[in-house]
Amino acid sequence: MIRFHNTLTRSSEPFEPRVAGKVGLYTCGPTVYSHAHIGNFRTFVWEDLLRRFLEARGFAVDHVMNITDVDDKIIAAAVERKASLEEVTSPFTEAFFEDLDRLGIKRARVFPRATEHVPDMVSLIQRLEAAGLTYGSEGSVYYRIARFPGYGRLSGKDPADLVAGASGRVDADEYSKDDVRDFALWKAARPGEPAWDAPFGRGRPGWHIECSAMSMRYLGESFDIHTGGVDNIFPHHENEIAQSEAATGQPLARYWLHAAHLIVGGEKMSKSRGNFFTLRDLLDRGEEARSLRYLLLSVHYRRVLDLTDESMAAARQNLARLDDFAHRLAEAAPAAAGDPRAQAAVTAAARRFHASLDDDLNTSGALGALFELVRETNAALDGEQAGAEAMAAALALLSDFEAIFGIRLGRAGESLSGEEEALLRTREDARSRKDYGAADAARARLLELGIVLEDTPGGTRWKRVRRG
């Protein structure tokens with residue numbers, strides 16, 4: 001049975017989607033005023049694992065991730081540069097997608113952009129107006145949290161400590177937790193800033209209304225899972241719940257999942273400390289995307305992860321060990337008479353691997369089971385006791401790891417070139433769209449480059465062969 005820790009109830013709950021076999025998943029995406037940092041990608045990679053895990057368990061996952069392309073920081077950059085929002089955000093949006101590909105993160109079905117969904121936000125604000133949950137001030141529209149009885153359920157904050165009345169209105173997208181009051185749904189237009197027409201006056205949407213409007217647009221008024229980092233819990237997700245549920249009378253999401261922070265050398269990332277890294281920074285230093293992905297998934301998502309030289313080195317070593325094991329399994333001949341204990345060890349490791357993931361995506365437990373498999377099976381291979389059945393079961397578990405963790409194994413130090421990686425992604429995207437002509441063309445080109453593909457139940461494997 002799959003269980004998730006639901007932030008809303010503060011408890012581990014059996015996962016039961018609204019519609020059998022289908023999952024609606026909304027993940028909070030980047031604000032594209034700069035490159036996403038490695039802490040952001042700790043959350044994005046974990047969300048990719050969540051999706052891959054659910055798909056491996058047989059669910060059809062409808063994944064939506066927003067792109068915030070209008071907020072205070074973006075507007076400040078546009079004003080300073082005398083540029084449009086698109087000119088500021090487009091390079092960072094493109095870079096974000098490049099980084100997703102580098103880390104092997106599957107693309108969402110849709111990446112709605114805030115600037116393209118302002119009418120949806122206006123409509124939602126009007127619904128809240130009709131319900132008597134808003135008030136206007138100097139052209140802006142605010143949400144009265146005192147009129148939503150459930151405010152504070154997600155974060156555990158007492159609304160009485162947050163409401164300060166009309167004199168405490170806050171008009172910024174970012175503010176300290178101690179200073180949160182009624183929040184802005186719509187911000188009155190200011191000279192030189194981008195703005196849209198609305199029944200309540202020309203202006204732009206507040207930050208929180210974006211995700212409410214876009215998640216409901218693409219997944220319906222109530223869906224299965226909403227995720228983000230722990231910093232999203234309050235005020236962003238708390239305000240999403242207040243807006244959405246006050247308008248619809250339904251739970252916005254049944255399960256709320258949040259990833260803990262990534263720290264660097266025991267400290268919070270900060271440019272002033274000199275420990276602030278983007279993915280590109282780390283790749284330029286010589287780190288590999290595959291080992292970074294492994295590291296980001298090696299610790300349970302609800303535990304703080306410390307990025308250090310030592311933890312990155314350990315990730316590289318662990319991946320090399322798995323690569324060597326996969327290569328050995330692929331090359332070894334099975335024993336004529338396998339020892340039943342070898343088969344039993346593989347079966348037990350597989351059971352622990354999947355049980356760990358079923359238990360709130362316990363990746364550290366799953367990896368522990370996987371390395372137990374490596375140790376036991378290597379010993380059986382050394383003693384010529386690993387039969388065909390045990391070896392096939394071990395390979396199947398490695399395939400499960402590859403599919404769920406999104407990390408390919410067994411290349412004995414080999415890697416794909418940029419062109420080969422792009423062709424592999426093109427083929428995977430084409431297959432997901434059922435464009436088999438494009439998929440076959442990408443496969444044929446890879447074969448010309450000496451890359452042979454094997455489609456398995458656990459995903460696509462590749463190996464390099466000599467040409468000529």
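Ground rules first. The model is predicted, so local features need pLDDT of at least 70 and side-chain atom pairs count only at pLDDT 80 or more, while totals for chains, interfaces and linings use all residues. Residues are numbered from 1 along each chain as its sequence is written, and side-chain values use heavy atoms, with hydrogens and water left out.

Let's start with helix 14. Helices are DSSP runs of H or I with at least four residues, strands are E runs of at least two, and both are numbered from the N terminus. Helix 14 spans residues 436-448, 13 residues in total. First C-alpha to last, it reaches 18 Å, close to the 18 Å expected at 1.5 Å a residue. That expected span is 1.5 Å times one less than the number of residues.

Which residues of helix 14 are buried? Ala439, Ala442 and Leu446. They sit on the same side of helix 14, because they cover an arc of only 65° around the axis. The arc is taken over directions from the helix axis to the C-beta atoms. Buried here means under 20% relative accessible area, exposed means over 50%, and partly exposed is in between, with a 1.4 Å probe and protein chains only. Gly437, Leu447 and Glu448 are exposed, on the other side of helix 14. After the helix comes Gly450, with a positive phi near 90°.

Next, strand 13, residues 451-456, which holds Leu453. Leu453 is buried, at 6% relative accessible area. What does Leu453 touch, leaving out residues up to four places away in sequence? Its contacts (heavy atoms within 4.5 Å) are Leu424, Arg427, Arg443, Leu446, Thr460, Arg461 and Trp462. Leu446 is one of the buried residues of helix 14. Arg443 is ten residues from Leu453 in sequence, and their C-alphas are 7.5 Å apart.

On to salt bridges. The rule is a side-chain nitrogen of Lys or Arg within 4 Å of a carboxyl oxygen of Asp or Glu. The count is 29.

Take Glu55 and Lys106, at 2.8 Å, N to O. Glu55 is in helix 1 (residues 38-56) and Lys106 is in the loop between helix 3 (85-102) and helix 4 (118-130), so the bridge ties together parts 51 residues apart in sequence. Glu55 is partly exposed at 24%. Lys106 is partly exposed too, at 31%.

Then Arg302 and Asp360, with closest N and O atoms 2.9 Å apart. The two are 58 residues apart, and each lies in a loop. Arg302 is partly exposed at 41%, whereas Asp360 is buried at 3%.

Asp339 and Arg341 also pair, at 2.8 Å. Asp339 is buried at 16%; Arg341 is exposed at 64%. Elsewhere, Glu98, Asp99, Arg102 and Arg280 join into one network through shared partners.

Last topic: cavities. A cavity is a set of points on a 1 Å grid over the protein atoms alone, where a 1.4 Å probe fits but cannot get out; lining residues have an atom within 4 Å of a point. Points join across faces, edges and corners, and volume is the space filled by probe spheres set on them.

How many cavities reach 30 Å³ or more? Three. Helix 1 gives the most, with four.

How values were computed. 1 Å grid on protein atoms, 1.4 Å probe; cavity = no way out; pocket = protein on both sides within 12 Å on 5 of 7 lines; lining within 4 Å.
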